[in-house]
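Colleague: Could you take me through this model? Please begin with the terms you rely on.

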Amino acid sequence: MRVLRIAAGAEAASLAVLLLNLFTVHAEPVSSLMGPLHGMAYLVTIIAVWQVTTAADPAARWYSLVPGAGGLLALRRVGRGTGVPEAGR
């Protein structure tokens with residue numbers, strides 16, 4: 001679950017940096033660094049969600065496939081199934 005939290009946060013943050021870079025200065029070094037980081041975070045998020053979820057919650061698996069925010073959506077969905085309140089984590 002910890003890997004999923006880190007990967008989902010990295011995926012969303014790296015997408016935000018990529019979009020900010022695209023709409024402002026479009027610096028090549030930023031794109032070269034953040035592009036592969038975003039791609040790797042996206043793949044790790046998908047793999048982590050598919051390992052964490054059970055057959056009882058297949059929707060979280062589909063949420064993980066949404067680029068950018070899918071990891072955060074899946075994390076919310078997985079968090080609901082554990083019975084532990086979000087604030088207690």
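Modeller: A contact means heavy atoms within 4.5 Å. This is a predicted model, in which local features need pLDDT of at least 70, side-chain atom pairs count only at pLDDT 80 or more, and totals for chains, interfaces and linings use all residues. Residues are numbered from 1 along each chain as its sequence is written, and side-chain values use heavy atoms, with hydrogens and water left out.

Colleague: Which residues does Ser 64 touch?

Modeller: Leaving aside residues up to four places away in sequence, Ser 64 touches Tyr 42, Ile 46, Val 49, Trp 50, Gly 70 and Ala 74.

Colleague: Where is Ser 64 placed, and is Ser 64 buried or exposed?

Modeller: Ser 64 lies in the loop between helix H3 (59–63) and helix H4 (70–81). Helices here are DSSP runs (H or I, at least four residues), strands are E runs of at least two, and both are numbered from the N terminus. Ser 64 is buried, because its relative accessible area is 0% and buried means under 20%, with exposed over 50% and partly exposed in between (1.4 Å probe, protein chains only).

Colleague: How many helices and strands does the protein have?

Modeller: The protein has four helices and zero strands. Buried residues make up 27% of its 89 residues.

Colleague: Which residues make up the largest nonpolar core?

Modeller: Seven residues form that core: Leu 4, Ala 48, Val 49, Ala 60, Ala 74, Leu 75 and Val 78. H4 gives the most to this core, with three residues. A nonpolar core is a set of buried Ala, Val, Leu, Ile, Met, Phe, Trp, Tyr and Cys residues joined through side-chain atoms within 4.5 Å.

Colleague: And what does Ala 60 touch?

Modeller: Not counting residues up to four places away in sequence, Ala 60 is in contact with Val 49, Thr 53, Ala 74, Arg 77 and Val 78.

Colleague: Changing topic, where is His 26 found?

Modeller: His 26 is in the loop between H1 and helix H2 (28–52). His 26 has a positive phi of about 50°, although it is not a glycine. At 46% relative accessibility, His 26 is partly exposed.

Colleague: Finally, is Leu 19 buried or partly exposed?

Modeller: Leu 19, found in helix H1 (residues 2–23), is partly exposed, with a relative accessible area of 39%.
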